[in-house]
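Here are some notes to read alongside the structure, written as numbered points. Please keep the model open beside you and look up each residue as it is named.

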Amino acid sequence: MSGKLIVFEGVEGGGKTTQLQRCSNWLRAGGLQDCLSTVCSGNQTRPLVVTREPGGTLLGAKVRQLLLDRDSSPIHPRAELLLYAADRAEHVEELIKPQLVNGAIILCDRYTDSTIAYQGYGRGIDLKLIEELNQIATGGLESDLTLWLDIDVEIGLERARQRGTVDRMEQADLAFHRRVQQGFQELYQQNPHRIVRVDASYSEEEVHNSIQKILRERFKSWFQERSILS
């Protein structure tokens, strides 16, 4: 596949959705063309796709309402896990894989690491089971880059509450969110080739500048033309 899947992850209130949108605006305004022109000759254009989990497809939008509606009925942890897996399977097959084949740069709000952090570390579901479900749902498709927006849990939750309405996940107790943060920390340590930590405690502009720098470096490594010596 010639496209790239870039995922934004982190605990509640870390700013991942805001930073994804800022990144999208920057790339659409010429940032992507600028990055590609520095490493590729000729006119290089690639589609830019913004999506999210859950909710990146028509089916996913309905699943998202079930999973995150603060007024919905309680959901058993295993049922919650399977709903996320169903959303992901549809998302990967209907949107992500076709767009990657088309050469797109995909910016995705959450992916497999969130399931490990929230349902594995947060809910206490067996990590091996989650790994198997992720494999089934994705067909083994990993992100090319995951940006982990790391922030203190208490600060993140306060930011989330300041937005107004909180969703079902944000309503969980502090101990749950601390376990989720531990999950992201361990995933980061286990996957240094794929996950890059971004300190999300800085201002929105400073975090965005950090992400720009990371992406410029990755685009260079991904798309650098290599001359072949005869």
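1. Does Q119 count as buried or exposed? In this predicted model, Q119 is found in helix α4, and at 1% relative accessibility Q119 counts as buried, because buried is taken to mean under 20% relative accessible area. If neighbours within four places in sequence are left aside, the residues in contact with Q119 are E80, L81, Y84, S114, G124, I125, I130 and M169.

2. The next point concerns the nonpolar interior. In soluble globular proteins, nonpolar side chains tend to be buried together. The largest nonpolar core here has 46 residues, and the members that touch the most other members are F8, L107 and L147. Helix α1, which covers residues 16–37, supplies the largest share of this core, namely seven residues. Apart from this core lies another one, of 12 residues, which includes L5, A104, I106 and Y111. For L147, again leaving aside neighbours within four places in sequence, the contacts are with I6, V7, F8, E9, V196, V198, I211 and I214.

3. An α-helix has 3.6 residues a turn, so residues three or four places apart point the same way.

4. The largest pocket has a volume of about 670 Å³ and is lined by 36 residues, of which E12, G13, K16, T17 and R163 lie nearest its centre. The elements that give two or more residues to the lining of this pocket are α1, α2, α3, α4 (112–122) and α8 (204–223). As for cavities, the count comes to one of 30 Å³ or more, and the largest cavity has a volume of about 30 Å³. The residues that line this cavity are E9, D113, T146, W148, F184, L187, Y188 and I195. Strand β4 (145–150) and helix α7 (174–190) each give two or more residues to the cavity lining, and α7 gives the most, with three residues.

5. Finally, the backbone has two details to check. Most residues other than glycine have a negative phi, and most peptide bonds are trans. The peptide bond from E53 to P54, however, is cis, with omega near -10 degrees, and P54 lies in the loop between β2 (48–52) and α2. R110 has a positive phi of about 80 degrees although it is not a glycine. This residue, R110, lies in the loop between β3 (105–109) and α4, and at 11% relative accessibility R110 counts as buried.

Notes
Residues numbered from 1 in each chain as written. Predicted model: local features only at pLDDT ≥ 70, side-chain atom pairs only at ≥ 80, totals over all residues. Heavy atoms only, no water. Core = buried A, V, L, I, M, F, W, Y, C linked by side-chain atoms within 4.5 Å. Buried < 20%, exposed > 50% of the residue type's maximum accessible area, 1.4 Å probe, protein only. Helix = DSSP H or I, 4+ residues; strand = E, 2+ residues; numbered from the N terminus. Contact = heavy atoms within 4.5 Å. 1 Å grid on protein atoms, 1.4 Å probe; cavity = no way out; pocket = protein on both sides within 12 Å on 5 of 7 lines; lining within 4 Å. Points joined across faces, edges and corners; volume = space filled by probe spheres on them.
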